[in-house]
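Let's take a friendly look at one helix and the chain contacts around it. Have the viewer open as you read.

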Amino acid sequence: MPHLVILYTSNLEADTNMTVLCRSLADTMLTVEDEAGKQVFPTGGVRVLAYPAAHYAIADGGEAGRAAGGSGDYGFIYLNLRMGRGRSDAVKQQAGQALQKTAMDHLQPLLELKPVGVTFQIDEGPEVFDSKNSSLHPLFKKDR
Amino acid sequence: MPHLVILYTSNLEADTNMTVLCRSLADTMLTVEDEAGKQVFPTGGVRVLAYPAAHYAIADGGEAGRAAGGSGDYGFIYLNLRMGRGRSDAVKQQAGQALQKTAMDHLQPLLELKPVGVTFQIDEGPEVFDSKNSSLHPLFKKDR
Amino acid sequence: MPHLVILYTSNLEADTNMTVLCRSLADTMLTVEDEAGKQVFPTGGVRVLAYPAAHYAIADGGEAGRAAGGSGDYGFIYLNLRMGRGRSDAVKQQAGQALQKTAMDHLQPLLELKPVGVTFQIDEGPEVFDSKNSSLHPLFKKDR
């Protein structure tokens with residue numbers, strides 16, 4: 001935790017560089033600070049994973065897009081950050097605004113290329129059991 | 001929002017047409033109306049994504065299926081709709097029943113072909129941050 | 001339900017056998033018993049699905065790993081079990097501990113090979129609609 005998972009329609013694979021988007025979002029996560037100026041997301045805990053869907057269907061299937069003179073090829077990107085409980089609402093909003101800006105800076109050209117919907121949501125973990133094991137965190141000694 | 005994500009074992013890929021299932025479910029979502037006869041899921045917000053799992057394990061691994069004279073090849077399909085908060089319980093149940101019917105109309109032949117478990121669940125979004133950007137929604141002017 | 005979904009960085013695909021991990025976790029799920037000695041997860045309901053991410057970014061992107069003399073190639077594995085509501089906290093903790101042990105028995109060599117973070121969380125289903133259809137469960141007559 002935290003981790004950000006991106007689900008998207010595979011027709012966008014050639015239109016935007018998802019590896020670059022993952023890295024940009026991870027970099028943004030590393031910059032979020034709380035009210036006391038402390039890094040919110042520990043470096044070793046920042047993870048972004050992106051998954052193109054093998055199959056999908058969107059909206060009306062393309063009819064309105066074709067009627068508007070386009071190809072009817074729609075896209076969808078869903079970004080979902082799951083973070084630990086206990087952060088202030090201000091931190092959640094700040095993280096959300098920063099990540100949304102990073103995502104849209106990257107995705108704006110794509111939205112101009114074709115009809116694409118982007119939804120970004122943050123969930124607070126509702127977990128009833130939580131365990132972590134890591135050979136990664138020791139590389140970042142200042143991590144909480 | 002809303003979006004419906006389908007996770008399934010990849011051994012079902014050749015047995016059923018998941019792209020057709022995605023489209024059928026999207027079409028069903030478009031037909032759901034609330035108590036006032038208003039479309040519940042805005043057209044531009046309807047998205048169905050399906051993901052075959054690269055690796056999986058189910059139940060006893062096939063022993064009971066082979067003992068019953070079958071191949072022991074089991075399948076699993078999980079359908080999960082995440083919808084926005086604030087709908088009435090009646091709307092949730094109506095959407096659930098309609099989508100379940102569409103799913104099973106499509107999947108019944110598969111369940112007769114081999115032992116397959118299908119679970120369909122609707123979650124209400126617990127998000128603490130929510131943003132949307134879209135070049136798709138403008139195609140559907142009546143969308144809320 | 002229950003099902004366990006594993007999301008992981010695709011750079012781990014050659015380093016560990018995820019199909020074996022799925023099976024080991026499913027076997028462990030089958031052994032979990034409640035206070036009365038009754039099997040917690042019905043056999044036909046045990047499913048483990050694993051998904052390598054097509055794109056990803058982790059932590060600082062490898063800088064600290066390279067500074068420490070390694071390749072900077074980090075990995076991440078997220079295991080998430082969603083189980084039905086209504087279990088006792090003791091059962092949740094017992095299931096969590098058992099599954100965590102199975103996961104780490106399998107993954108420890110991987111964590112020694114490269115910097116890898118492993119997070120395992122159990123969620124209780126917050127579903128507002130739930131339906132099940134199965135041609136698998138009838139194979140396990142004792143299933144609840």
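In the predicted model, helix α1(A) buries M18(A), L21(A), C22(A), L25(A), A26(A), T28(A) and M29(A). Buried means that 20 or more other C-beta atoms, placed from the backbone, lie within 10 Å of a residue's own; exposed means 12 or fewer, and partly exposed is in between.

- Helices (H or I, at least four residues) and strands (E, at least two) are DSSP runs, numbered from the N terminus.

**Where chain A touches chain C**
- Chain A has 32 residues in contact with 36 residues of chain C, where contact means C-beta atoms, placed from the backbone, within 7 Å.
- Among the elements giving two or more residues to this side of chain A are α1 (18–31) and β2 (47–53).

**Strands across the chains**
- β2(A) and β3 (residues 55–58) of chain C run antiparallel, joined by four bridges; strands pair if DSSP finds at least two bridges between them.
- Opposite L49(A) stands Y56(C), in β3(C).

**Reading the model**
- Residues are numbered from 1 along each chain as its sequence is written, and chains are lettered from A and ligands numbered from 1 in the order written.
- In this predicted model, local features need pLDDT of at least 70 and side-chain atom pairs count only at pLDDT 80 or more, while totals for chains, interfaces and linings use all residues.

Notes
Contact = placed C-beta atoms within 7 Å.
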